[in-house]
Amino acid sequence: MKQYNVGIIGATGMVGQRFITLLDNHPWFNIKLLAASPRSAGKKYTEAVGQRWAMKDGIPQSVKDMVLYDATADIDEIAKQVDFVFCAVDMKKDEIKELEERYAKAECPVVSNNSAHRHTPDVPMIIPEINPQHTEIIPMQRKRLGTERGFVAVKSNCSLQSYLPALAVVNQKYPIDHALVTTYQAISGAGKTFETWPEMVDNLIPYIGGEEMKSEVEPNKILGKIEGGEIVPSNELQIECQTYRVPVSDGHTAAIFFSFKDSANKPSVEEIENMWREYKGVPQELELPHAPKQFIYVYTEDGEPDQPQIKTAREIGGGMAISCGRLRESVQYDYKMVSMSHNTLRGAAGGAVLLAELLAAKGYFE
Ligand SMILES: NC(=O)c1ccc[n+]([C@@H]2O[C@H](COP(=O)([O-])OP(=O)(O)OC[C@H]3O[C@@H](n4cnc5c(N)ncnc54)[C@H](OP(=O)(O)O)[C@@H]3O)[C@@H](O)[C@H]2O)c1
């Protein structure tokens with residue numbers, strides 16, 4: 001496979017740090033440069049990130065002495081040196097939208113962790129195992145932007161990646177009508193650790209700003225179809241969601257109740273569990289470097305009713321698998337279940353790296 005030079009925009013942040021650890025020794029992608037705010041620009045990475053480094057392993061040797069670029073002022077210089085950038089910055093939505101389009105217009109593709117462009121109709125929002133076909137919108141986006149190779153592609157919100165894949169796989173064969181979801185979200189999803197957010201020890205906050213709307217709306221785009229130069233959201237599966245911040249470092253869990261459109265002919269528990277176990281998406285077929293061999297890991301209610309637990313399940317498949325358990329009949333809905341995924345791996349940087357691998361394998365960085 002061809003080698004690609006990449007830049008990380010927002011390299012000092014929580015997600016940026018994950019990008020660095022995931023890309024250190026990546027078989028296709030080589031970290032060429034790092035960028036952050038003007039506060040960090042001109043400093044060596046170790047100095048700029050300082051005490052904020054929150055990964056288990058130390059800072060990789062290859063980036064320690066890299067001098068940070070200014071993510072906004074140095075766009076042209078950055079675009080000249082890399083084949084594409086990963087972007088995860090904490091800025092206002094409008095500023096991020098503009099920043100990402102400026103990179104795209106400088107002919108530098110952007111694989112984004114940010115939510116700013118998730119609802120731009122010609123920007124694909126991709127979970128690589130679920131809607132890889134949405135990459136086909138990219139030539140239409142390039143036409144709008146007036147670019148030859150520049151474009152923006154985004155991954156979805158981390159919370160819905162803990163449960164939507166499980167529903168979407170079943171939905172392909174047995175359409176689901178509606179689902180009621182409660183998510184229990186880790187503090188790293190807010191870019192925090194217990195050191196930087198001590199109030200979260202022994203606590204639960206029943207509110208995460210904007211998160212419930214994301215969980216209810218983003219699945220419609222992921223399940224949508226390309227029509228007339230845009231991705232038209234589906235309105236088939238209605239999701240209602242509540243989100244909680246819980247005292248967990250990494251890993252989002254979801255409790256889900258769901259019903260089929262044709263409840264009278266619903267699949268059995270065993271059939272659903274087999275659909276999950278046997279499902280292979282494009283990343284598995286192409287054997288992309290970050291694709292977990294088994295996308296959905298299943299715990300049965302008979303065998304392991306106390307799973308998936310954060311500590312046992314979040315690292316499965318290198319933190320890229322979705323774990324499901326407790327699937328059983330419900331009184332008010334057809335079924336109820338629990339699922340979880342690692343929020344900064346599958347849900348953030350890992351999901352973006354897998355998306356970039358899909359884009360590379362399909363030739364979008366040429
Ligand atoms: N944490 C998660 O699990 C998660 C999951 C999904 C999506 N996201 C999204 O990913 C993005 C980053 O999240 P995070 O948790 O990594 O945030 P974070 O830890 O607060 O890091 C923010 C990064 O943005 C940079 N930045 C801030 N202002 C900037 C500016 N004016 N120009 C250029 N860079 C600037 C910071 O650089 P300095 O160090 O120089 O200030 C830092 O590198 C956000 O949009 C967030 O919503 C996060």
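1. Asn 25 counts as exposed, having 10 C-beta neighbours inside 10 Å; the terms used here are buried for 20 or more other C-beta atoms within 10 Å of a residue's own, exposed for 12 or fewer, and partly exposed in between, with C-beta atoms placed from the backbone. This is a predicted model, in which local features need pLDDT of at least 70 and side-chain atom pairs count only at pLDDT 80 or more, while totals for chains, interfaces and linings use all residues. Residues are numbered from 1 along each chain as its sequence is written. Asn 25 lies in the loop between α1 and β2 (29-36), where helices (H or I, at least four residues) and strands (E, at least two) are DSSP runs numbered from the N terminus. Although Asn 25 is not a glycine, its phi is positive, at about 70 degrees.

2. Glu 287, in the loop between α10 (282-285) and β12, is a residue other than glycine with a positive phi, near 50 degrees, and it is exposed, with 10 other C-beta atoms within 10 Å. As background, most residues other than glycine have a negative phi, and most peptide bonds are trans.

3. As to overall form, the chain has 13 helices and 14 strands. Its radius of gyration, taken over C-alpha atoms, is 20 Å, close to the 21 Å that the globule rule (2.2 Å times the number of residues to the power 0.38) gives for 366 residues, so the chain is as compact as a globular protein of that length. The C-alpha trace spans about 60 × 50 × 35 Å along its principal axes, and 49% of the 366 residues are buried. Among contacts (C-beta atoms, placed from the backbone, within 7 Å) with a separation of 6 or more, 78% join residues 24 or more positions apart.

4. The chain is divided into domain 1 (4-157 + 349-361) and domain 2 (159-341), with bounds that come from an automatic or database domain assignment. The centres of the two domains, taken over C-alpha atoms, are separated by 25 Å, and their contact takes 32 residues from domain 1 and 28 residues from domain 2. On the side of domain 1 that touches domain 2, the largest share, seven residues, comes from α13. That side divides into 17 nonpolar, 10 polar and five charged residues, where Ala, Val, Leu, Ile, Met, Phe, Trp, Tyr, Cys and Pro count as nonpolar, Asp, Glu, Lys and Arg as charged, and the others, Gly among them, as polar.

5. The ligand has 28 residues around it, of which Gly 13, Ala 36, Ser 37, Ser 40 and Gly 191 come nearest; a residue is near when its C-beta atom, placed from the backbone, lies within 6 Å of the molecule. The elements giving two or more residues to this shell are α1 (14-23) and α13 (345-361), and α1 provides the largest share, three residues. By type the shell comprises 10 nonpolar, 16 polar and two charged residues. Because domain 1 and domain 2 both give residues to the shell, the ligand lies between them.

6. The largest nonpolar core has 105 residues, of which Leu 34, Ala 35, Val 85, Phe 86 and Ile 296 touch the most other members; such a core is a set of buried Ala, Val, Leu, Ile, Met, Phe, Trp, Tyr and Cys residues joined through C-beta atoms within 7 Å. Helix α13 gives the most to this core, with 11 residues. The core lies between domain 1 and domain 2, because both give residues to it. Apart from its neighbours within four places in sequence, Phe 86 is in contact with Val 6, Ile 8, Ile 9, Phe 19, Val 111 and Ala 352.

7. Helix α7 (residues 164-171) is largely enclosed by the rest of the structure, because eight of its eight residues are buried; among them are Leu 164, Pro 165 and Asn 171. Pro 165 is also one of the residues in contact with Glu 129, together with Gly 281, Pro 283 and Phe 295, when neighbours within four places in sequence are left aside. Glu 129 sits in the loop between β5 (110-112) and α6 (138-145) and, with 24 C-beta neighbours inside 10 Å, counts as buried.

Technical notes: Contact = placed C-beta atoms within 7 Å.
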